[in-house]
Amino acid sequence: MVIHTQGPAETQAAAQRLAPLLRPGDLIAYRGGMGAGKTTFTAGLARGLGSTAWVSSPTFALVHQYDGPVPLCHFDMFRVTTVEDLYSTGFFDYLEGGAVLAVEWSENIEEALPEPHITVEIAIEEGDRRTITITGDERFL
């Protein structure tokens, strides 16, 4: 699935519309550079999953959990460089927790990502335009 958005509000709204397709236990592996809109997309997912919490980047906390009918755990793996670092985040415990997991900088933990998982690649186009490509699951065809 490919989605084109113009600005953060559209990116968030697109994710909010897709959230009902997600199931507890799904893992979303984000791809995209700094400022691509990964946290903005996650804010839309949180709303779509029923959370009313303020969504922010978990860069320094490594993980934020947003409660709702389907909980969402938002990871930032930017500073994770080893498997030992990954264990310290509690990541493996979250895999069995029944939440949707959204993982920024997933390429840093590629070898630890469970299969299957959903990949959301966000490409920065001109200005505020984004191209969002979702792969890995037939729900998003």
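The structure discussed here is a predicted model. Ala61 is placed in the loop between helix α2 and strand β3, the latter covering residues 63–66. Ala61 and Leu95 are 34 residues apart along the chain, and 18 Å separates their C-alpha atoms.

Strand β5 is paired with both β2 and β4. Its pairing with β2 (residues 27–31) is parallel and extends over three bridges, with Val103 of β5 as the bridge partner of Ala29. Its pairing with β4 (residues 72–76) is also parallel and is made by five bridges; here Leu101 of β5 stands opposite Cys73.

Strand β6 in turn pairs with β7 (residues 129–135), in the antiparallel sense and over six bridges. Thr133 of β7 is the bridge partner of Glu121. The two strands β6 and β7 form a hairpin with four residues between them, and Gly127 in its turn has a positive phi of about 65 degrees.

Most residues other than glycine have a negative phi, and most peptide bonds are trans. Trp105 has a positive phi, near 60 degrees, although it is not a glycine. Trp105 is buried, with a relative accessible area of 13%. A cis peptide bond, with omega of about -5 degrees, joins Glu115 to Pro116.

Ser106 has a relative accessibility of 0% and so counts as buried. The side chain of Ser106 reaches the backbone oxygen of Tyr30 at 2.9 Å. Leaving aside residues up to four places away in sequence, Ser106 touches Ala29, Tyr30, Arg31 and Leu113.

## Helix α2

Helix α2 spans residues 38–48. Its buried residues are Lys38, Phe41, Thr42, Ala43, Gly44, Leu45 and Ala46. These buried residues pack against helix α1 (8–18) and against strands β2, β4, β5, β6 and β7. Just after the helix, Gly50 takes a positive phi of about 100 degrees.

## The largest pocket

Rolling a probe the size of a water molecule over the atoms shows where empty space is left. The largest pocket holds about 190 Å³ of space. Its lining consists of 14 residues, and those nearest the pocket centre are Met34, Gly35, Thr39, Ser57 and Glu104.

By class, the lining of the largest pocket divides into four nonpolar, seven polar and three charged residues.

## The largest cavity

The count of cavities of 30 Å³ or more comes to one. The largest cavity has a volume of about 50 Å³. The residues that line it are Leu18, Leu22, Ile28, Phe41, Leu45, Ile118, Val120, Ile134 and Phe140. Helix α2 and strand β6 each supply at least two residues of this lining. Phe41 and Leu45 are also among the buried residues of α2.

The lining of the largest cavity contains nine nonpolar residues, with no polar and no charged residues. The lining of the largest pocket, by comparison, includes seven polar and three charged residues.

Notes:
Residues numbered from 1 in each chain as written. Predicted model: local features only at pLDDT ≥ 70, side-chain atom pairs only at ≥ 80, totals over all residues. Heavy atoms only, no water. Pairing = 2+ DSSP bridges. Buried < 20%, exposed > 50% of the residue type's maximum accessible area, 1.4 Å probe, protein only. Polar contact = N/O pair within 3.5 Å; in protein donor to acceptor, adjacent residues only side chain to side chain. Contact = heavy atoms within 4.5 Å. 1 Å grid on protein atoms, 1.4 Å probe; cavity = no way out; pocket = protein on both sides within 12 Å on 5 of 7 lines; lining within 4 Å. Points joined across faces, edges and corners; volume = space filled by probe spheres on them. Nonpolar A, V, L, I, M, F, W, Y, C, P; charged D, E, K, R; others polar.
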